[in-house]
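We will go stop by stop.

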Amino acid sequence: MNKEIIAVDLGGTQLRAARYDAGLNLLTREHTLTGADDGLEAVLARMKAIIRLVMPAEHDRVESIGISAPGPLNSKTGVIVSPPNLPGWHDVPLGAIIEAEFGLPAYIGNDANVAALAEASQGAAQGCRHVCYITVSTGIGSGIICDGMLVTGQAGLGSELGHIPIIVEAGRVSSIELEAAGPAIARQAKQALRTGANTGMLDLVAGELEQLDARAVGKAAANGDSLAIDLLAYAGRIIGLGIVTVLHLFNPQIIVIGGGVSKTGELLFAPIRQTVREHVLDSAFTAGLRIEAAALGDDVALVGAAALAATHGGDMDIRNLDRRF
């Protein structure tokens, strides 16, 4: 009998669980609020409860449990190090806790890393063995698959494109995330408004400057607001430079970009592609390269958690997830 997999998406706001068959076909799913402010023990209790909701009556049908969680985390030991959106979580041995509770192997993965597995198995990167997934949202995370294997490093902390340092504004050291993630776009918009920029963005938040976020900037850009367009173009250039680094290091076949900010479409993607063309070492690095939007949307973390378990924590080749290889 082909074994089934339990997948869990531990997010700062939503906690979701699902059961998949051996082909990563969805069988059932449940969701609830994480309630992160309630503290560690309350969230752990909710996680155990939602796993039980998707667990079949015959537990021996389930092979393992995969969990997508915010980093930083050590995927080798299953320890959550210190996620900024989960108060009170510091060096939490989540893998060991879940294994002890359910008597099943539990695999923990950084949400961006498992998203790379998801897009490679069922999304935009199907059929590719060299993949970089980038999420542009509240933060900027990434996952890299090199020759069919997930790249995580010796302690599972690798593939953090968002934290590549860059120099901006007369020598100030920043990072891709601090310049191009959603909060950075909102911060830059607010700064421009405080200095008297001509823009209609405030109309989208009823004149409340502090309510201005990246989503409002994206809407303004879609409506033709020149400042909003420029802000997304700046973010695209910064992300593009990060992608150039990835191309030079790993020479992937495809760059898959997801996350809330990616929904601005070509307003973000066009400057990304232009920057890559302008700054890559040689056109050989972009020959056949695809830069595409993610395909799995909100399901990416659950599918990724299932894929993580199916590849035994990312230690198996992704050919195990896609029969076309």
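Helices (H or I, at least four residues) and strands (E, at least two) are DSSP runs, numbered from the N terminus. The model is predicted: local features need pLDDT of at least 70, side-chain atom pairs count only at pLDDT 80 or more, and totals for chains, interfaces and linings use all residues. Residues are numbered from 1 along each chain as its sequence is written, and side-chain values use heavy atoms, with hydrogens and water left out.

**Stop 1: a cis bond.** Select Gly71 and Pro72. The peptide bond between Gly71 and Pro72 is cis, with omega near 0°. Pro72 sits in the loop between strand E4 (62-69) and strand E5 (73-74). Most peptide bonds are trans.

**Stop 2: a buried aspartate.** Select Asp9, in strand E1 (residues 4-10). Is Asp9 buried or exposed? Buried means under 20% relative accessible area, exposed over 50%, and partly exposed in between (1.4 Å probe, protein chains only). Asp9 has 12% relative accessibility, so Asp9 counts as buried. Now show its contacts (heavy atoms within 4.5 Å). Leaving aside neighbours within four places in sequence, Asp9 touches Gln14, Leu15, Arg16, Ser68, Ala301 and Leu302.

**Stop 3: two positive phi angles.** Most residues other than glycine have a negative phi. Select Ala170, in the loop between strand E11 (165-168) and strand E12 (172-175). Ala170 is not a glycine, yet its phi is positive, about 55°. Ala170 counts as exposed because its relative accessibility is 89%. Next, select His312, in the segment after helix H9 (300-310). His312 also has a positive phi of about 55°. At 36% relative accessibility, His312 counts as partly exposed.

**Stop 4: a sheet.** In what order do the five strands of the open sheet run? The order is E10-E9-E8-E13-E14, with mixed pairing. Two strands pair if DSSP finds at least two bridges between them. Strand E10 (149-151) and strand E14 (290-293) are the edges, each pairing on one side only. The twist averages 20° from one strand to the next. Axes are lines fitted to C-alpha atoms, for helices over the stretch in contact, and angles run from 0 to 180 degrees between N-to-C directions. Zoom in on strand E13 (residues 254-258): four bridges join E13 to E14, and the two run parallel. Ile257 has Ala293 in E14 as its bridge partner. H8 packs on the sheet and touches E13 and E14. The direction of H8 makes about 165° with that of E14.

**Stop 5: a helix.** Select helix H6 (residues 214-222). Its buried residues include Ala214, Val217 and Gly218. The buried residues of H6 pack against helix H5 (182-194), helix H7 (226-250) and helix H8 (266-279). Just after H6, Gly224 takes a positive phi of about 95°.
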